Amino acid sequence: MSTVTASGSLPRYIAVRLMLVIPMMWVLLTMVFVLLRIAPGDPVSAAVGDKLSEDALDARRAALGLDRPLIVQYLDYLGDVCRLDFGTTISNGRPVLDIIANQGGATLTLTLGAFLFALVVGLPLGRLAGRRRDSALDAGIRIFGIVTYAAPIFWVGLMLVLFVVRFVPSWPTYDIATAETKYLVPDRTGILLLDAALDNDWVGVRDVLQHHVLPCFTLGLLICGVIIRLVRVNVIQSLKGDYVEAARARGIPERRVVRFHAFRNALVPVVTVIGLQFALTLSGAILTERTFNWPGLGTELVAYVTARDYVAVQGLVTFFAIAVVLVSLIVDIVNALIDPRVRY
Amino acid sequence: MARRVRTPRVFQTIWNTQGLARYLFLTGVLITGVFVVFALLAPWIAPYDFAQRSVDGVRFPKLAGASGEHLLGTNDQFYDIFSRVIWGARTALLVVGLSILLSAVVGVPLGIVSGYTGGWFDRITVFLMDALYSFPSLLLAIVFSFLLRNAIGGGILAAALSLTAIYIPQYFRVVRNTTVAAREATYVEAARAIGAPPVTVMRKYVFGNVVQSVPVIGTLNAADALGTLAALGFLGLGIQPTEASEWGYDLSRALDDVSAGVFAPAFWPGLAIIALITGLTLVGEGLNETLNPALRRRRLRPVVLTPREEA
């Protein structure tokens, strides 16, 4: 955070940054609470109103503590979140933490795979476009970047599925694994890929990886556009730097100048932007999961929204809010580690 | 509204801009224009109503290919795809326009008051707006549509309101920052010196000078809002199919068809989304590059000098 002006060492910066997490978290949690609890309508009757009698509904309300004053509910909510208790769903009585533990792994591997793809494709393309500025290649790469960013991610996913179904009919286009793999792999970590590997089930690993290709590619394209644009601009800027000119004057080959002198420095802001793109990635992941029928947190959230389950929605949204705060914290710390200018 | 910029002058400014920017802008205007025509004349352009499944008592075929009766075929709900795409333009522009207008109406005054008064009110609002901004926008839209569905159902107004909250912080940020700069300007000081109360200063002096960036943010947000609207529809949380034709909803219905290799129900609504997003983005970028003096590059025009009169 740029508001940290105190000059000083790295530990001091990290300490100040850690303390800023508390107000950020507090504001987001309060926002979630205000939005979901002060809104009109009664959570219990919205979720199960048509199934139970009025007395049973009252009992449910009392069990959830909804008959208490709002301020008590609010403090209770903050306390529960501090103890990592996100509540239990109204519609099917599942603890939200269980949902996160069971379904979070699928979302995690999807997002990580997408980032991996975006970096592997985006970094070289961005560097190439920056190095050959204003050439036809540059124009092509830039248009690719804009289109991948502008096209709705779910439509890109649908078109990919159409293509694959027509030309590679045997390739999996939905879900995280075949029913067989899911049945055979014992649950240990909640991350299917890791479980299969721990179980030495290499057929299963291959199956899970195959299922990952299309969703990760789709989500990766979205992130890739941002990375290309950013790396391109940064490479162009750092190629203008004095140290690049000095390197050239020393007779270092252009390839080496671009790769080791300009490109490295162009990477620093990429870390920041990856952090800023986390919110975009989360939105993209929700859509990708729906496109590929992926058993992740986005699918769960949409299902509970449709079921009008206030507690589940509040729990999941709270979890996402915490994730946003934590990622921004990690990004800031990593930034401070690699770029000494940040901490002064 | 403040003094409006006269249209001919804006047009001339755009025409005098150097290079590609002018053509990109005009392309954007053209694309957006086509969709505006679709939206306005939907009942006359579209052969059928958006919720029509039969004509003269004869049911439409399911998932039919393109034919004379159904230009782009029909989808799995027996709707005519071409008609749905045309009617979708009306829904999209209505929702997006409404949400952008609402968020500007909230965000701009809030930004002016916050930036002009400063102090603790400013600090708290900035902090809240930053928190709102850091939240994933789709998640925010999902939460709002979830809440609004219980209150006012799943119509056009509910969809527009769900999108409004996402864009308020953007207007707020820009307007607040320009207001903070304008507060120290000489003309504001002069206004205060002649005894203008704060409300008058904000309304008459600051407002006209800070709203200039609003149209640019507005069009760029419109492109983004269109994507979010379609995303909500795709998740099944947007406008209900009986209320209006919405491209995102049609795409969600096409999920199963795609696995079966049927392309029309997914392809056309998606293409409409991309075209309109691209059009709006080009208009926004074009406005930015032509109206923003910092980015603007004027092209060279031949100058004809009048012959000097002999003395």
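Let's start with one residue in this predicted model: B:Thr91 is buried, because 26 other C-beta atoms sit within 10 Å of its own, and 20 or more is enough to count as buried. Where is B:Thr91 in the chain? Look for helix 4 of chain B, which covers residues 81-117, and you'll find B:Thr91 there.

So who are the neighbours? If you skip the residues within four places in sequence, B:Thr91 is in contact with B:Ile156, B:Ile239, B:Ala244, B:Ser245 and B:Glu246. Take B:Ile239 from that list. Along the sequence, B:Thr91 and B:Ile239 are 148 residues apart, yet from C-alpha to C-alpha the gap in space is 9.2 Å.

Now hop over to chain A. The domains do touch: 14 residues of domain 1 of chain A are in contact with twelve residues of domain 2 of chain A. On the domain 1 side of that contact, you'd count nine nonpolar, three polar and two charged residues.

Next, zoom in on a pair of helices in chain A. Helix 10 (residues 202-239) and helix 12 (residues 254-266) have axes that come within 8 Å and cross at roughly 130°. You can pick out the meeting point yourself: from helix 10 of chain A come A:Val231, A:Asn234, A:Val235, A:Ser238 and A:Leu239, and from helix 12 of chain A come A:Ala262, A:Phe263, A:Asn265 and A:Ala266. Sorted by class, this contact has six nonpolar, three polar and no charged residues.

Finally, let's bring the two chains together. Here 34 residues of chain A are in contact with 35 residues of chain B. Which elements of chain A give two or more residues to this side? They are helix 1 (10-37), helix 7 (153-167), helix 14 (278-291), helix 15 (297-306) and helix 16 (310-338) of chain A. Helix 7 of chain A gives the most, with seven residues. By class, the chain A side has 28 nonpolar, four polar and two charged residues.

Notes
Residues numbered from 1 in each chain as written. Chains lettered and ligands numbered in written order. Predicted model: local features only at pLDDT ≥ 70, side-chain atom pairs only at ≥ 80, totals over all residues. Contact = placed C-beta atoms within 7 Å. Nonpolar A, V, L, I, M, F, W, Y, C, P; charged D, E, K, R; others polar. Axes fitted to C-alpha atoms, helices over the stretch in contact; angles between N-to-C directions. Helix = DSSP H or I, 4+ residues; strand = E, 2+ residues; numbered from the N terminus. Buried ≥ 20, exposed ≤ 12 C-beta atoms within 10 Å, placed from the backbone.
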